[in-house]
Amino acid sequence: MAERWRWSLGLAVLVVAIIVGVSLGLGANLGGTDDLARQAALADGYHPWFSSVLTLTKPQEIAMFALQGGLGGAVLGYVLGALREGRPASRQPR
Amino acid sequence: MHVSEGFLPPLHAAGWALAAAPFVVHGSRVVVRQVREHPESRLLLAGAGAFTFVMSAMKLPSVTGSSSHPTGTGVGTVLFGPAVMAPLGTIVLLFQALLLAHGGITTLGANAFSMAVVGPWAGWLVYRLLRRAPHAVAVFGAVVIADLITYVVTSFQLALAYPDKVSGVPGSMERFLGIFAITQLPLAVVEGVIGVVLVRALASWSGARAEELPGLRPGSLEVAEAGEPAHHG
């Protein structure tokens, strides 16, 4: 397997593992700052005039964040691997 | 740091969208020009966008007992200047609004203005101010400030929308900064350290000298030929 694909897979797996691990472990019972800000606004008597059509359960939310991180990790890993190979994609023979 | 869907009054939401739009349009043109004139920089551009994707997906616990996530816009700012981060950051925010119910479409302009516009420009300013310092220090400063300022702007946006009944916007700003700032500080430092390592790796592996990165000198990115020893900044 070319170095760029090894890096891509490796970084994607690492990022997903960190996101899922933190979400289920250390951060499982922690509220987010976004939630705290939302609660502060609601405490002021504000009612949101629009709400997201998408409602995610906690596991779905973790999975989607992991997907986002995994996609980013895969691309970043590919870039790092390609640079390490010393043959940036744009300069390879087509 | 995202302002949630529907949590800004319609006028505020429209105002912030109008404020962010020119930066996103201009940034998109800069990206197109960058790719056209320097096709070899496509990899680094993809890396900058991917780093924002990764960092903004990482909800990390902090010392305050709540969690938050880094923004990931500082590295792209160092590599390409602040303009390119407006479209790249907005794409990330749009992804999160549509697929993660995080942030929102109605608050996309406000979130883009804080994370993809002001954060990168503040980071770039620090990067320029520290240009005579060791490069790692300049990168660290840029990444940390790009992260922190995002949350300061978010606090301001919320304070404008929800002024305190007694102390007005300043009092409300203090309240929202209390929610965001202390939580964010350690996360910004972590992002700064990761940013230094990543920029160092990207710069040396691509053969670009640090002082030649477009963030400092637009259009001067050089990529080493295969097998040619890389320059180190």
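**Predicted model of chains A and B**

Leaving aside neighbours within four places in sequence, Leu56(A) contacts Glu61(A) and Met64(A), together with Leu99(B) and Leu100(B). Leu56(A) sits in the loop that links helix 2 of chain A to helix 3 (58–85). Its relative accessible area is 22%, so Leu56(A) is partly exposed. The model is predicted, and confidence is therefore reported for each chain below.

Ala101(B) belongs to the loop between helix 4 (85–99) and helix 5 (108–129) of chain B. With a relative accessibility of 30%, Ala101(B) is partly exposed.The interface between the two chains draws on 56 residues of chain B and 50 residues of chain A. About 4600 Å² is buried between chain B and chain A, and carbon and sulfur atoms give 71% of this area. Of the area that chain B buries against chain A, 16% comes from Phe7(B), Leu43(B) and Trp205(B).

The largest nonpolar core has 75 residues. Within this core, Tyr162(B) and Leu202(B) touch the most other members. Leu202(B) has contacts in both chains. With neighbours within four places in sequence set aside, its partners in chain A are Val79(A), Leu80(A) and Leu83(A). In chain B, the partners of Leu202(B) are Leu44(B) and Leu79(B).

Chain A contains 3 helices and 1 strand. Their order from the N terminus is α-β-α-α. Of the 94 residues in chain A, 37% are buried. The accessible surface of this chain is about 5300 Å². Carbon and sulfur atoms account for 65% of that surface.

Helix 2 of chain A covers residues 33–43. Its buried residues include Thr33(A), Asp34(A), Ala37(A), Ala40(A) and Ala41(A). These residues lie on the same side of helix 2 of chain A, because they cover an arc of only 120° around the axis. An α-helix has 3.6 residues a turn, so residues three or four places apart point the same way. Just after helix 2 of chain A, Gly45(A) adopts a positive phi of about 90°.

Chain B has 7 helices and 2 strands. Along the sequence, the elements follow the pattern α-α-β-β-α-α-α-α-α. Of its 233 residues, 61% count as buried. The accessible surface of chain B is about 8800 Å², and 69% of this belongs to carbon and sulfur atoms. Among contacts in chain B with a separation of 6 or more, residues 24 or more positions apart account for 69%.

Helix 5 of chain B includes Leu129(B). Leu129(B) has a relative accessible area of 67% and is exposed. The C-alpha atom of Leu129(B) is separated by 9.7 Å from that of Gly141(B). Along the chain, these two residues are 12 residues apart.

Confidence was examined for each chain. Chain A has an average pLDDT of 84, and 86% of its residues score at least 70. Among the elements of chain A, helix 1 (residues 3–24) has the highest mean, 94. Confidence is lowest in strand 1 (residues 31–32) of chain A, with a mean of 72. Over residues 88–94 of chain A, the pLDDT is below 50. That stretch has 17 contacts in the model beyond near neighbours in sequence.

For chain B, the mean pLDDT is 86, and 86% of the residues reach 70 or more. The pLDDT is below 50 over residues 216–233 of chain B. Beyond near neighbours in sequence, this stretch has 42 contacts in the model. Where pLDDT is low, the predicted coordinates should not be read in detail.

How values were computed:
Residues numbered from 1 in each chain as written. Chains lettered and ligands numbered in written order. Predicted model: local features only at pLDDT ≥ 70, side-chain atom pairs only at ≥ 80, totals over all residues. Heavy atoms only, no water. Helix = DSSP H or I, 4+ residues; strand = E, 2+ residues; numbered from the N terminus. Buried < 20%, exposed > 50% of the residue type's maximum accessible area, 1.4 Å probe, protein only. Areas by Shrake-Rupley, 256 points an atom, 1.4 Å probe, with all protein chains shown as cover. Arc of directions from axis to C-beta. pLDDT = per-residue confidence, 0-100. Contact = heavy atoms within 4.5 Å. Core = buried A, V, L, I, M, F, W, Y, C linked by side-chain atoms within 4.5 Å. Buried area = accessible area lost by both parts, 1.4 Å probe.
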